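Work through the exercises below with the sequence and the model open. Each task is followed by a solution in steps.

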Amino acid sequence: RRGSFPEGRKPRPDHSPVESQSMKVLLITDAPLAAPLAGDQLVTAQLLQALTRRADVEVLTLRPGGWDPAMASGARLLEEPNLGGGAPPQRLARLRALVGSKSLLEQRLSDLSLPRLRELLSRSHADVVFFNHLRVAALLPQLEVSTGMRTVYVAHNAEYEAYASTVQIETNPLLKFALAREGQKTIRLERRVVEAADLTIALTAEDARRLRELSPSAGVQVVPPAVPRHVAAHEAPLDARRVLLVGSYLWHAKFLNALWLVREVWPAVLDRFPSARLEIVGKGATRLLPYVRATDSIRVSADGPDIGPFLRDANIFVNPERQRGGIKLKTLDAASFGLPIVSTVAGVEGTGLQAEQSCIVANDAAGFARGILRLIVDPVFGRNLGVAAQRVMQHEFSDGALQDRVDRVLDGLRRAA
């Protein structure tokens, strides 16, 4: 399955070409889409919408649940209640992954019937099958795909890199050991998936490079998500000092990033500007309350349905991300509102933002604090950064840009047939 297909794959001579407009596409995803959408679900919804504009699309969901009809508009939902008996509980899957040879993702898929899934693939007569996320694509190396059926792995992240960078910031020795062990298994799994797929889609150029390192002859293309257009945040007073952090702190790495900001960065900001205020917004933000009660300069808001009002009211957006891999959708949102951004290198991966041109980049606590202080002292510079960031979003992350990239993927698959 190697050769000259775009960036590495060869055509299969026994499959006649079809026009991309009449392609039959099967998208396999792990769970139904329903509002409000998490980050990976938003990427999935955008991909599904772009595919339905150019192909005849069916969707197979590995786990039961109710779809939002608007999310599936233009696609046919396949009902298949007999794929598995139900994923094992998360704690049991983690224990099995810790002591066994299979990764956590493989353990979570252990109840699924591979013979039944192979039968469904054969009956679908799809020209292309998209395996959405590694938690679905982990099945790909075990499947016997029909001759002529092309397979695409949609990599929301270079998962092995995410594990490796999380190990570097973890302070608990037991968790560090468990994460490192899981990361090694994930490297092997992700390599098998990339080698089995005819094409891999990455969300960022950085992840595309990482995935090619797993399998140098693999075909990998970059298809970043779209970002809604917004008017710039309102003209706040020049002396306003409202700093915003948005994330999901139920995810341990995000929680550690927020703690780093609160403990290592924010005190230096307060030393210079005691009136500065930090707003921490997102799922699980109340986990941070024990660490911020001693100061009235930090406010925590959890589980709000819409971050738009927070983005409009803020003067500065911060992303202390230290986990590499994937694309940081909240950074894209902030840029689309025209907010000046202070971020680590990991926090602007794949965004197209450039240090000193459309954002400030700093990886250590002192540099991060200086970046925030610089924007407080010079709000005009901050507004210029925000305008530049917003232009990047409009040019590189529009709906049209996403559709063009998906069209090129389908056209390449058609030519390779």
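## Exercise 1: surroundings of a glutamate

Leaving out residues up to four places away in sequence, Glu 170 touches Leu 175, Lys 176, Leu 179, His 252 and Leu 256. The model is a predicted one.

Task: find where Glu 170 lies, and state which side chain of opposite charge is nearest and whether Glu 170 is buried or exposed.

Solution.
1. Glu 170 sits in the loop that joins α6 and α7.
2. Glu 170 is buried but has no salt bridge.
3. The nearest side chain of opposite charge is that of Lys 176, 7.2 Å away. A salt bridge would need a side-chain nitrogen of Lys or Arg within 4 Å of a carboxyl oxygen.
4. A polar contact does exist: the side chains of Glu 170 and His 252 make one at 2.7 Å.

## Exercise 2: a loop asparagine and a helix

Task: locate Asn 157 and list what Asn 157 contacts beyond its neighbours within four places in sequence.

Solution.
1. Asn 157 belongs to the loop between β5 (150-155) and α6 (159-169).
2. Its relative accessibility is 10%, so Asn 157 counts as buried.
3. Beyond the neighbours within four places in sequence, the contacts of Asn 157 are Ala 162, Glu 190, Asp 207, Arg 324, Gly 325 and Gly 326.
4. Ala 208 is 51 residues from Asn 157 along the chain, and their C-alpha atoms are 9.4 Å apart.

Task: on which side of α8 do the buried residues lie, and what do they pack against?

Solution.
1. Helix α8 covers residues 205-214, and its buried residues are Asp 207, Ala 208, Arg 210, Leu 211 and Leu 214.
2. These residues span an arc of only 165° around the axis, so they are on the same side of α8.
3. The general rule behind such a pattern is that an α-helix has 3.6 residues a turn, so residues three or four places apart point the same way.
4. The buried residues of α8 pack against β5, α6, α7 (173-196), β6 (199-202) and β7 (220-222).

## Exercise 3: aromatic pairs

Task: how many aromatic pairs does a search of the whole structure find? Describe each pair.

Solution.
1. The search of the whole structure gives two aromatic pairs.
2. Phe 255 and Tyr 291 form an edge-to-face pair, with 6.0 Å centre to centre and 65° between the planes.
3. This pair links distant parts of the chain, 36 residues apart: Phe 255 is in helix α9 (residues 252-272) and Tyr 291 in helix α10 (residues 289-292).
4. Phe 255 is buried at a relative accessible area of 7%, whereas Tyr 291, at 37% relative accessibility, counts as partly exposed.
5. Trp 260 and Phe 368 form an aromatic pair that is edge-to-face, at 5.6 Å centre to centre with 80° between the planes.
6. Trp 260 is in helix α9 and Phe 368 in helix α13 (residues 365-377), so this pair ties together parts 108 residues apart in sequence.
7. Trp 260 and Phe 368 are both buried.

## Exercise 4: positive phi

Task: what are the phi values of His 133 and Glu 356, and where do these residues lie?

Solution.
1. His 133 is not a glycine, yet its phi is positive, about 80°.
2. His 133 lies in the loop between β4 (128-132) and α5 (134-137). At 8% relative accessibility, His 133 counts as buried.
3. Glu 356 also has a positive phi, near 70°.
4. Glu 356 is in the loop between β12 (341-343) and β13 (360-361). Its relative accessibility is 41%, so Glu 356 counts as partly exposed.

Note on methods
Residues numbered from 1 in each chain as written. Heavy atoms only, no water. Helix = DSSP H or I, 4+ residues; strand = E, 2+ residues; numbered from the N terminus. Buried < 20%, exposed > 50% of the residue type's maximum accessible area, 1.4 Å probe, protein only. Contact = heavy atoms within 4.5 Å. Arc of directions from axis to C-beta. Lys, Arg positive; Asp, Glu negative; His and termini not counted. Polar contact = N/O pair within 3.5 Å; in protein donor to acceptor, adjacent residues only side chain to side chain. Phe/Tyr/Trp six-rings, centres within 6.5 Å; stacked < 30°, edge-to-face > 60°.
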